[in-house]
Amino acid sequence: MTDLAPARRFAAVVAGLFGPVFALPLLLDPYRWARAFGWRPEPETDVGLYFGRCPGALATASCAQAGRAARDPERHRSFFGFAELVGWLLAAVHLRGLLERRQPPIEHAEIIGYSVFAVAARRCAPRR
């Protein structure tokens, strides 16, 4: 039997930290979230709220799945592959923002953060 402690810890941190710090604030108030991350103030529009809340909803759902995976990593093994893919895609999105010079500096650090997240998801995933 494999040691599931790393998988449980990884998923619990995603659910318990990423959810309240990132996902829920983005879902509930995307413009305040953007200002907190250094984006310049923009006029608040309906489409901006909509497009801000959409990734917030996806991130919140991901955190709910992380909570399930923390309780039973073997049963929710697919969460770890999903989390790895999310990490690499978000790193790529932030890399593009860096290259285009269209994001605040704190977003540049997220390239490394999401890459580490992707590697951790793979390394912590329960083995078959």
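This is a predicted model: local features need pLDDT of at least 70, side-chain atom pairs count only at pLDDT 80 or more; totals for chains, interfaces and linings use all residues.
Which two side chains meet in a salt bridge at 3.2 Å, N to O? They are the side chains of Asp-29 and Arg-32, and the legends below take up this pair and several others.

Residues are numbered from 1 along each chain as its sequence is written, and side-chain values use heavy atoms, with hydrogens and water left out.

**View 1. The salt bridge of Asp-29 and Arg-32.** A salt bridge is a side-chain nitrogen of Lys or Arg within 4 Å of a carboxyl oxygen of Asp or Glu, and a search of the whole structure finds five of them. Asp-29 is partly exposed at a relative accessible area of 25%, whereas Arg-32 is exposed at 56% (buried means under 20% relative accessible area, exposed over 50%, and partly exposed in between, with a 1.4 Å probe and protein chains only).

**View 2. The salt bridge of Glu-84 and Arg-122.** The two side chains meet at 3.1 Å, N to O. Glu-84 lies in helix 4 and Arg-122 in helix 5, so the pair ties together parts that are 38 residues apart in sequence; helices (H or I, at least four residues) are DSSP runs, numbered from the N terminus. Glu-84 is buried, with a relative accessible area of 15%, while Arg-122 counts as exposed at 52%. Leaving aside residues up to four places away in sequence, Glu-84 touches Ala-118, Ala-121 and Arg-122, where contact means heavy atoms within 4.5 Å.

**View 3. The salt bridge of Glu-100 and Arg-96.** Here the side chains meet at 2.7 Å, N to O, and both residues lie in helix 4, four residues apart, about one turn of the helix. Glu-100 is partly exposed at 37% relative accessible area, and Arg-96 is exposed at 56%.

**View 4. The aromatic pair of Phe-10 and Phe-117.** Rings of Phe, Tyr and Trp (its six-membered ring) pair if their centres lie within 6.5 Å, and planes under 30 degrees apart count as stacked, over 60 as edge-to-face and the rest as tilted; by this rule the count comes to eight aromatic pairs. The ring centres of Phe-10 and Phe-117 are 5.4 Å apart and their planes stand at 40 degrees, so the pair is tilted. Phe-10 lies in helix 1 (residues 5–28) and Phe-117 in helix 5 (residues 105–124), so the pair ties together parts that are 107 residues apart in sequence.

Definitions and conventions: Helices (H or I, at least four residues) and strands (E, at least two) are DSSP runs, numbered from the N terminus.
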